[in-house]
Amino acid sequence: MVATSTSTSINTSIQQLIDRQVEKGDQLGVQVSAYKDGEVIVDAVAGEMGPEDPRPVQLDTLFNCFSTTKGVAATAIHMLADRGKLDYQAPVTRYWPEFGQNGKDKITVEQALSHQGGVHAVPSPLTVEFVTEWQKGLDWIAGATPGWEPGTATGYHALTYGWIVGAIVQGADGRHIKDFIREEIAQPLGVENEMFCGIPDGVEDRLATLQTLMATPEELQVPPDHDFFKAMPQESEVNFDDIRVRKACLPAANGHFSARALARMYGALANKGEIDGVRLVSSERVSNMGTMVTDAPDRVLLGLPLRKGIGFMLGGPIGPMKSVNGPRLNAFGHSGAGGSTAFADPDVGLGIAVTINKMQNTLQAEGPTFEVCEAIREELGVNG
């Protein structure tokens, strides 16, 4: 791992903030890392590794970051496009022919990765077998019928995104997505021991465990047959602390990262695609990564007006990328269930990552995570 310890005044301020959050019970365990113009400015940890694991969080502790994983997978897509191996406007079937069944033959890569394909539903009850056997997910999606006419609406593909992006990457590049992430992102950046889409053997002692909250239909004020529960079934035997689930490759939902690994990737993207001599994408490609595809109300996420790009969520009216003084429209990244987040704000050369294990009842990392991100922006004077 590239050394990232820092003694900046902003690091001291953020360390004090997350210490207070833990003391108040807003956080259990947390890591925060940030880069500005390619340089580390924050690298802070606080709290415990789990509700029944009182060991202190370390810089290399691995947190399951849920949908924050989607941003790492999206980076792989844009890297392949940058290399001329993938066309955003091509149909998914160019890279995954089996996908074209039941009216999905014209869905483009751009539509699929901006959650416009209507292929959001997973089996209910959701079983461990389904999420841990890669081919089962691919077969399910290949045979699925869209829930709406593709391209006419958007609805969050909470789990199915992972198999879709994985199949596209493998079709365009030939490698499994977890291998591409390891070989083309993690290893070049020096974070190969802190960035996994499916953990290997030997890292079990570094795993944070979750303190989970589960919203009910009554709390969400939606009926049990809402698209929200088609994408994320209430009936589920899947426990994300289960080692079988941790070892599976779910590029939508079970990336295990440290904050400093995520921040290093986004720090590169915020710094015109390059960091310490390692280039992930061209500077021109970074603008594509933050380009909005749709801001229509999300049919799955309760009508939220999310600004979506190709694989990324974008800065806008809600979420940790916005500032209290402005929406930070060119920022891009992804948050995860419960409050983890990681993103780039290329307008100000800023990459931020927050990893947590006390899940909040939040859809877009409001609460303690937003407080951390905003504190960093305030310290830098870039919250306008």
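**Ground rules.** I am working with a predicted model, where local features need pLDDT of at least 70 and side-chain atom pairs count only at pLDDT 80 or more, while totals for chains, interfaces and linings use all residues. Residues are numbered from 1 along each chain as its sequence is written, and side-chain values use heavy atoms, with hydrogens and water left out.

**Sheet order.** I traced an open sheet of seven strands in the order E3-E2-E1-E12-E11-E10-E9, with antiparallel pairing. Strand E3 (53-56) and strand E9 (313-314) are the edges; each has a single partner strand, so one side of each lacks a neighbour in the sheet. For my labels, helices (H or I, at least four residues) and strands (E, at least two) are DSSP runs numbered from the N terminus. I count two strands as paired if DSSP finds at least two bridges between them.

I found two bridges between E9 and strand E10 (residues 332-335), in the antiparallel sense. Leu 314 sits opposite Phe 332 in E10.

**Helices on the sheet.** I then looked at helix H1 (residues 9-24), which packs on the sheet and touches strand E1 (29-36) and strand E2 (39-50). Contact here means heavy atoms within 4.5 Å. The direction of H1 makes about 20° with that of E2. Axes are lines fitted to C-alpha atoms, for helices over the stretch in contact, and angles run from 0 to 180 degrees between N-to-C directions. Helix H13 (residues 368-380) also packs on the sheet, touching E1, E2, strand E11 (341-345) and strand E12 (350-356), and its direction makes about 150° with that of E12.

**Around E2.** I noted that nine of the 12 residues of E2 are buried (under 20% relative accessible area; exposed is over 50%, partly exposed in between, with a 1.4 Å probe and protein chains only). E1 and E2 run antiparallel, joined by eight bridges, and Gly 29 has Gly 47 in E2 as its bridge partner. Their hairpin has two residues between the strands, and Asp 37 takes a positive phi near 55° there. On to E3: a hairpin of two residues links E2 to E3, and Gly 50 stands opposite Asp 53.

**Cysteines.** How many disulfides does the structure hold? I found zero, taking a disulfide as a pair of cysteine sulfur atoms within 2.5 Å. Cys 197 is in none, and its nearest cysteine sulfur, that of Cys 249, is 3.8 Å away. Cys 197 is buried at 6% relative accessible area, and Cys 249 is buried at 10%.
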